[in-house]
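Let me put the model up and talk you through how its pieces pack.

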Amino acid sequence: MINAETIGAAIRTNRKRAGMSQRQLAKASGVPMGCIYHYEHGKRLPGIYNAISVADALGISLDEMIGREVPE
């Protein structure tokens, strides 16, 4: 199930995989660091524009960022 906690975990996992700090991700995506923190801790869901910015900064698709597996 996709929810704030699973999306947050996926953002955190992909950020760490990219070797980035929250501050670096915030700078690269243009999304405030406080928002990145809240996303990663499952306290807030990113809006579509912030989600795209974060995914682009991480070099991943939105599906990867939210932990969604695309059915074949």
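So, α2 passes α4 in a right-handed crossing, meaning the near helix is turned clockwise from the far one, whereas left-handed would be anticlockwise by less than a right angle. By helix I mean a DSSP run of H or I with at least four residues, numbered from the N terminus, and strands are E runs of at least two. Before I go on: this is a predicted model, where local features need pLDDT of at least 70 and side-chain atom pairs count only at pLDDT 80 or more, while totals for chains, interfaces and linings use all residues. Residues are numbered from 1 along each chain as its sequence is written, and side-chain values use heavy atoms, with hydrogens and water left out.

Back to that pair. The axes of α2, residues 22–29, and α4, residues 48–58, come within 8 Å and cross at roughly 110°. That makes α2 roughly perpendicular to α4 (65 to 115 degrees; under 35 is roughly parallel, over 145 roughly antiparallel, the rest oblique). Axes here are lines fitted to C-alpha atoms over the stretch in contact, with angles from 0 to 180 degrees between N-to-C directions. Who meets whom? On the α2 side we have L25, A28 and S29, and on the α4 side S53, V54, A57 and L58, with contact meaning heavy atoms within 4.5 Å.

Now α2 against α3. Those axes also come within 8 Å, crossing at roughly 120°, so α2 and α3 are oblique to each other. This crossing is right-handed. From α2, Q22, R23, L25, A26 and S29 meet M33, I36, Y37 and E40 of α3.

Next, H41, which sits in the loop between α3 (33–40) and α4. Leaving aside residues up to four places away in sequence, H41 touches R12 and Q22. H41 and R12 are 29 residues apart in sequence, yet 8.7 Å apart C-alpha to C-alpha.

Zooming out, the protein chain has five helices and zero strands. Of its 72 residues, 33% count as buried. Among contacts between residues at least 6 apart in sequence, 54% join residues at least 24 apart. And the C-alpha atoms fill a box of roughly 35 × 25 × 20 Å along the principal axes.

Conventions:
Buried < 20%, exposed > 50% of the residue type's maximum accessible area, 1.4 Å probe, protein only.
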